[in-house]
Amino acid sequence: MLEEALTYLASNMPAFRRSLETLSRIPSISAAGYPEAEVTRSAEAVVKEMLAAGLTHAEVIKLDGVHAYAYGEWLGAGPKAKTVLLYGHHDVQPEGRPEKWISPPFEPTERNGRLYGRGTVDDKAGVMVHVAAIAAFLKGAGGCPVNLKFLVEGEEEIGSDNLPRFLEKFKAKVQADVVVLTDTSNFDTGIPALTYQLRGIVAADITVSALDHPVHSGMWGGPVADPAMALAKIIARLTHDDGSIAIPGLYDDVAVPSDKVRANMRSLAYDEKLFREQAGVLDGVRLVGESGYSTYEKVWIRPALSVNAIEASSMAKVSNQIVDGARARIGIRIVPKQDPERISRLLVDALRRDPPFGCRVEVEAARGTPWWQTNPEGPAFEAALRAMEKGYGRKAALVGCGGSIGFVQPFTDVLGGVPALLIGLEDPICNAHSENESLHLEDWKKAMVSAVHLYAELAKV
Ligand SMILES: [Zn+2]
């Protein structure tokens, strides 16, 4: 079956490319204020692809107040065969600043081997990887060695809030032996990766007030406390001079990774110049954080604090005044073994503690996302690593991810801890979530070949 599937895949690439472009033309933005009908249209288009690939019972599933899911399955391998649940999402981020796009966001355009457009890499390419691999088996080889269930979500970009409810409702339908979540990053262009760890996030909003209205800084400045200054002092005391977090007790429950995990991280290629370039760090600005940890460790397995927003007045409306209040959002990326509630409490306490000048301080904790971690060992992970090596022609890296993905935990909860394989197509220059998002087309083809091998390898597990 495998050879036939690979042959079918190779000869049908142009058709899969057209399908990817068709999906990418639909502005399926799930954020509030954008037309829900486009997200539904996108789910319908995905179902059409699923049916064309040979899945049976493909349908749009709509829950009350939830963006449309696309779901399809093929259970022709029989009850004794393994069942693989595939996940992707068909919704996209808003387009951002239109004037920054070199080609229109919803008109997929190829330049230098990359396909530019909103959603091309995140995550319509991921969806099409599995559509293509499914078609390769079902159309090209007349069957597949594993049963296939394919769920494509419509609101990943707004946090997958309803996914636990969806999975609970369709618990019986989505049962599987392994879940393949296709929405993460490759290690680099051309170098595949399997992600086994994600950071979580907790956040809090702080409002500092000192006056019931802004006042003239000439008439009142001196004796009157400045709430913007008070907020600056509060924020400044959250970190040490090296950028590490200064909140007492914050590092107490951070897991110490095994020597094996640390050795793996140290074995990955690292180029500081490239890292700075990819992050866009300006010349002369130092990299910061705890001493004794590598850059990957700082991003994947150590907590980090950032000021996500800060607001007092605007430069556009600046005048000689003392503002009446100031606000900020502080976020902390949390790592394995850190209890989100405890970290949230520590953050809130640190923000409330000893307000400068006796200013009024109100703090509200935002809803957090827990970290996620799996032990990337055992037959399913080995199968995935073999499949990626076959598709890309080089060994896959085992990586952590500094970001937080809400959809992972709900799957492992509902499926009772079956192996979760996190793979994906983003590379460091893909600009996912930003303007000029793009997909590396050669890597996309390699990912499809990997997916065909993956189904075959998982059948043997
Ligand atoms: Zn995504």
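Predicted model: local features only at pLDDT ≥ 70, side-chain atom pairs only at ≥ 80, totals over all residues.
In what order do the four strands of the open sheet stand?

View 1. Residues are numbered from 1 along each chain as its sequence is written, and side-chain values use heavy atoms, leaving out hydrogens and water. The order is 11-13-9-14, with antiparallel pairing (strands are DSSP E runs of at least two residues, helices H or I runs of at least four, numbered from the N terminus; a pair needs at least two DSSP bridges). Strand 11 (304–311) and strand 14 (360–369) sit at the edges with a single partner strand each, so one side of each has no neighbour in the sheet.

View 2. Look for Ile-206, opposite Val-363 in strand 14.

**View 3. The second largest pocket.** Here you've got about 370 Å³ of space (a pocket is an open set of points on a 1 Å grid over the protein atoms alone, where a 1.4 Å probe fits, with protein on both sides within 12 Å along at least five of seven lines; lining residues have an atom within 4 Å of a point; the volume is the space filled by probe spheres set on the points, joined across faces, edges and corners). Of its 20 lining residues, Tyr-196, Ser-258, Lys-260, Val-261 and Pro-376 are the closest to the centre. Helix 8 gives the most to this lining, three residues.
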